[in-house]
Amino acid sequence: MANVQTPFGHAMRSHFLFDPTYTPLNHGSFGTYPTPVRDRLRQVQDISESHSDAFFRYDLAKYIDAARTAIAGYLEVDAGECVFLPNATTGINTVLRSLVFDEGDVIVYFSTIYGACEKTVEYIKETTPVQSAKIEVSYPIEDNDLVVLFQEKVKQLKSEGQRPKLAIFDTVSSLPGVRVPWERLVDICKQEEMLSMVDGAHGVGHIDLRLDKIQPDFFVSNCHKWLYVPRGCAVFYVPERNHHLIRSSIPTSHGYEPFPKEDQEVVFSPFPGSEQSRFVKIFQFVGTTDVGPYLCIEEALKFRQDVCCGEGKIKEYCENISTEGGKKVAELLDTEVMENTEQTLMKCCLTNVKLPLKIGQGQGEIREADAFAVVAWIAKTQIEEHNMFVPPFFHAGSLWVRFSGQIYVELQDFVAAAGVLKGLCKRAEKGEYHNHDGA
């Protein structure tokens, strides 16, 4: 692909696959990818179909190694510390199902944890002796206050004779979509001799990470959200010091090596031997699946450099349009954006705007018991009637929506969304959501 630097905004839509009438303001949920990456994905699929045995048995490991080298260079870490997974949730599951928990161990997390990850914690509590401690958080909150809440919870647990073993926290949380001071939380985990599991679902291609300096114990990030890689693809970073803690992939692969036992029989593997580390080998072939997205990393990075002028330009535009667009929507709705006095929550490409709906029992107000019904109705109606989507959610007694800034949107997209949301809120005040089937 030749160097073709396209201006950010609507001109950039020519590189993507959107319906011309669609208003794409929710990049954060599922991401998307440009046509050169689509072409690479189809090329990989064609190669794998043309000689599937040679591809999966002998060639795939080399392709994966090249992609791991590319993403490791992007993250400025060692390639031997990076492997691929389908998504960030799989990474959280891999860690939680690998660690050995004893009586008295505790998993610490914030109430803003991604729902599937919290459910994984609940499952692990059913199958191991571990317990959990949830830190309730209401946004907006100052970074210092969030850090203090974390420190106080750890101190409390230790004073009660419990052992905080693992903490799970985001780089940028999902709902609300806010920047988390995850770097400081990693430092506290080191001081308290806890393991840190960083859910960077909104990380790679979104914010500066500096993993080589921060050194979390475990880090996973979706490449299919902000890096322009097809779904599903996530990078799982585990520094070498912790490789021994990750015993198996999910599901367990041919690369798994059991602890040696006397008279143990060797389990046959149909794949050739590998000189890679045990950690890398267990993730090289995890069942038959479409690995095409993993092999699009290099093409996505090339697009970001050649067409978008590099990481700095992408992140600057996405954060700025998210901030400016969110503030404009709040102005048009006569509400507010979610921000703290330190101005740190919006140091990312997501912005949360309060909807002009009051929670209460009065005329035109929304009963708190109906809040999630309103969320479901707004979510579906904006798609069905307006071909747009911004995630609505209920948090801290108010209804909000989350906007994503991206290289293909402009301020007028936010203005158009504000008009749609204003109309939907007026309809919600009249109780129209009561007729919603919830599907």
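First, the ground rules. The model is predicted: local features need pLDDT of at least 70, side-chain atom pairs count only at pLDDT 80 or more, and totals for chains, interfaces and linings use all residues. Residues are numbered from 1 along each chain as its sequence is written, and side-chain values use heavy atoms, with hydrogens and water left out.

Now the whole protein. The secondary structure comes to 14 helices and ten strands. Helices (H or I, at least four residues) and strands (E, at least two) are DSSP runs, numbered from the N terminus.

What about overall size? The C-alpha trace spans about 75 × 60 × 40 Å along its principal axes.

Next, burial. Of the 439 residues, 55% are buried. Buried means under 20% relative accessible area, exposed over 50%, partly exposed in between, with a 1.4 Å probe and protein chains only.

Contacts now, meaning heavy atoms within 4.5 Å. Take those between residues at least 6 apart in sequence: 72% join residues at least 24 apart.

On to the sheets. Strands of a sheet pair through backbone hydrogen bonds, either parallel or antiparallel. Here, two strands pair if DSSP finds at least two bridges between them.

Start with the seven-stranded sheet. It is open, its pairing is mixed, and its order is E1-E7-E6-E5-E4-E2-E3. Which strands stand at the edges? They are E1 (82–85) and E3 (131–135). Each has a single partner strand, so one side of each is left without a neighbour in the sheet. Neighbouring strands are turned by 20 degrees against each other on average, direction ignored. For angles, axes are lines fitted to C-alpha atoms, for helices over the stretch in contact, and values run from 0 to 180 degrees between N-to-C directions.

Look at E1. It pairs with E7 (residues 234–237) in the antiparallel sense, over four bridges. Cys82 stands opposite Tyr237 in E7. Helix H5 (residues 115–127) packs on this sheet, touching E2 (105–110), E3, E4 (163–170) and E5 (195–199). The direction of H5 makes about 150 degrees with that of E3.

Now move to E4. Is it mostly covered or uncovered? Covered: six of the eight residues of E4 are buried. E2 and E4 run parallel, joined by five bridges. Val108 has Ala167 in E4 as its bridge partner. E4 and E5 also run parallel, with five bridges. There, Phe169 is partnered by Val198 in E5.

Helix H7 (residues 182–191) lies across E2, E4 and E5, at about 170 degrees to E4. E4, H7 and E5 make a right-handed β-α-β unit. Right-handed means that, with the strands pointing away from the viewer, the path from the first strand over the helix to the second runs clockwise.

Last, the other sheet. Three strands form it, in the order E8-E10-E9, open and antiparallel. E8 (350–354) and E9 (392–395) stand at the edges. Neighbouring strands here are turned by 35 degrees on average, direction ignored. Five bridges join E8 to E10 (residues 398–404).
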